[in-house]
Amino acid sequence: YTSHFIRYICFKQWYQRRVRGVLTLTTLLYIKILIEDNMPSVANERIVQLYPLSNYTFGTKDPQYEKDASVAARFQRMRDEYVTLGTRKTVEGVLLVHEHNLPHILLLQLGTSFFKLPGAEVAPGEDEVECLKKCLTETLGRQGDTIQWGIDELICNWWRPNYEPPQYPYIPPHVTKPKEHRRLFLCRLPERAMFAVPRNYKLVAAPLFELYDNSNGYGPVISTLPQNLSRFSFVYA
């Protein structure tokens with residue numbers, strides 16, 4: 001509508017004056033205001049500093065195993081706990097680095113084809129951010145070493161309606177009591193750090209272009225991170 005309106009103003013003034021290409025100062029100022037009002041403000045852009053993958057050192061430590069031996073066992077525990085705890089709350093961290101000025105997300109790989117973000121279940125009354133910081137330290141931190149996790153931005157929400165794998169970035173209208181609520185946070189890494197990865201996992205850096213629209217390889221949550229991160233502007237150190 002704005003472009004049509006601007007063309008109308010220009011044509012009307014040209015027609016009235018019968019002078020091709022001549023615009024009054026008032027019209028030019030008005031066009032400038034219209035354009036600026038409809039352009040996104042650079043000041044409102046969210047800028048995120050990314051450091052190269054080579055800045056980080058990766059060691060190993062003792063294995064860390066899941067609470068549940070299988071997916072079926074996980075859903076059964078979720079069902080049992082729902083009676084007393086209600087909807088399960090889970091927090092996960094999105095750790096970003098860059099390689100050759102391409103954003104990469106650090107993922108935990110278990111086996112050959114299962115990838116996940118580092119995260120944990122939030123205990124009743126526990127602060128979400130503190131829970132995630134504790135989880136990141138337990139999962140990737142070295143003994144006696146402290147990493148400053150900068151967690152200050154919620155990226156997205158996902159809900160699990162039933163005790164089944166399907167999840168959605170919204171609560172379906174027919175669902176009044178979702179069984180799990182997952183919240184993904186952007187985690188700012190320090191410029192340099194040393195990580196210790198459990199021996200039963202691999203820590204891989206996956207580029208955004210590999211994750212995009214690749215739910216078969218990474219699942220519906222991780223494969224939509226490129227879209228969710230598109231509102232940020234990355235600065236590469």
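This is a predicted model: local features need pLDDT of at least 70, side-chain atom pairs count only at pLDDT 80 or more; totals for chains, interfaces and linings use all residues.
Contact here means heavy atoms within 4.5 Å. H3 has 15 residues and reaches 20 Å from its first C-alpha to its last, close to the 21 Å expected at 1.5 Å a residue.

Which residues of H3 are buried? Phe 75, Arg 77, Met 78 and Tyr 82 are. Seen down the helix axis, the buried residues fall within an arc of 160°, so they line one face of H3. Spacing of this kind has a simple background: an α-helix has 3.6 residues a turn, so residues three or four places apart point the same way. On the other side of H3, Ala 72, Val 83 and Thr 84 are exposed. After the helix comes Gly 86, with a positive phi near 75°.

Arg 77 is the charged member of this story. Why does Arg 77 count as buried? Its relative accessibility is 17%, and the cut-off for buried is under 20%. Leaving aside residues up to four places away in sequence, Arg 77 touches Lys 67, Asp 68, Arg 88 and Glu 121.

Turning to charge pairs, the structure holds 17 salt bridges. One of them joins the side chains of Arg 46 and Glu 153, at 2.8 Å from N to O. This pair links distant parts of the chain, with Arg 46 in strand E1 and Glu 153 in strand E7, 107 residues apart. Arg 46 counts as partly exposed at 25% relative accessibility, while Glu 153 is buried, with a relative accessible area of 16%.

Glu 121 and Arg 88 form another salt bridge, their closest N and O atoms being 3.4 Å apart. Glu 121 sits in strand E6 (residues 119–121) and Arg 88 in strand E3, so the bridge ties together parts that are 33 residues apart in sequence. Arg 88 is buried, with a relative accessible area of 7%, whereas Glu 121, at 26% relative accessibility, counts as partly exposed.

A further bridge brings together the side chains of Arg 160 and Glu 180 (2.7 Å, N to O). Arg 160 lies in strand E7 and Glu 180 in strand E8, so this pair ties together parts 20 residues apart in sequence. Both Arg 160 and Glu 180 are buried. Elsewhere, salt bridges that share partners join Lys 67, Asp 68, Arg 77, Glu 81, Arg 88 and Glu 121 into one network.

Now for the nonpolar side of things. In soluble globular proteins, nonpolar side chains tend to be buried together. The largest nonpolar core here has 23 residues, and those with the most contacts inside it are Ile 105, Leu 107, Leu 225 and Leu 229. Elements giving two or more residues to this core include strands E1 (46–50), E3 (88–99), E4 (102–110) and E7 (150–160), along with helices H5 (208–211) and H6 (215–222). Ile 105 touches, among others beyond four places away in sequence, Val 94, Leu 96, Leu 117, Val 204, Leu 208, Leu 211, Leu 225 and Leu 229. Another core, of 22 residues, lies apart from the largest one, and Leu 140, Trp 149, Ile 151 and Phe 195 are among its members.

Terms used: Residues are numbered from 1 along each chain as its sequence is written. Side-chain values use heavy atoms; hydrogens and water are left out. Buried means under 20% relative accessible area, exposed over 50%, partly exposed in between (1.4 Å probe, protein chains only). A nonpolar core is a set of buried Ala, Val, Leu, Ile, Met, Phe, Trp, Tyr and Cys residues joined through side-chain atoms within 4.5 Å. Helices (H or I, at least four residues) and strands (E, at least two) are DSSP runs, numbered from the N terminus. A salt bridge is a side-chain nitrogen of Lys or Arg within 4 Å of a carboxyl oxygen of Asp or Glu. The expected span of a helix is 1.5 Å times one less than its number of residues. The arc is that of the directions from the helix axis to the C-beta atoms.
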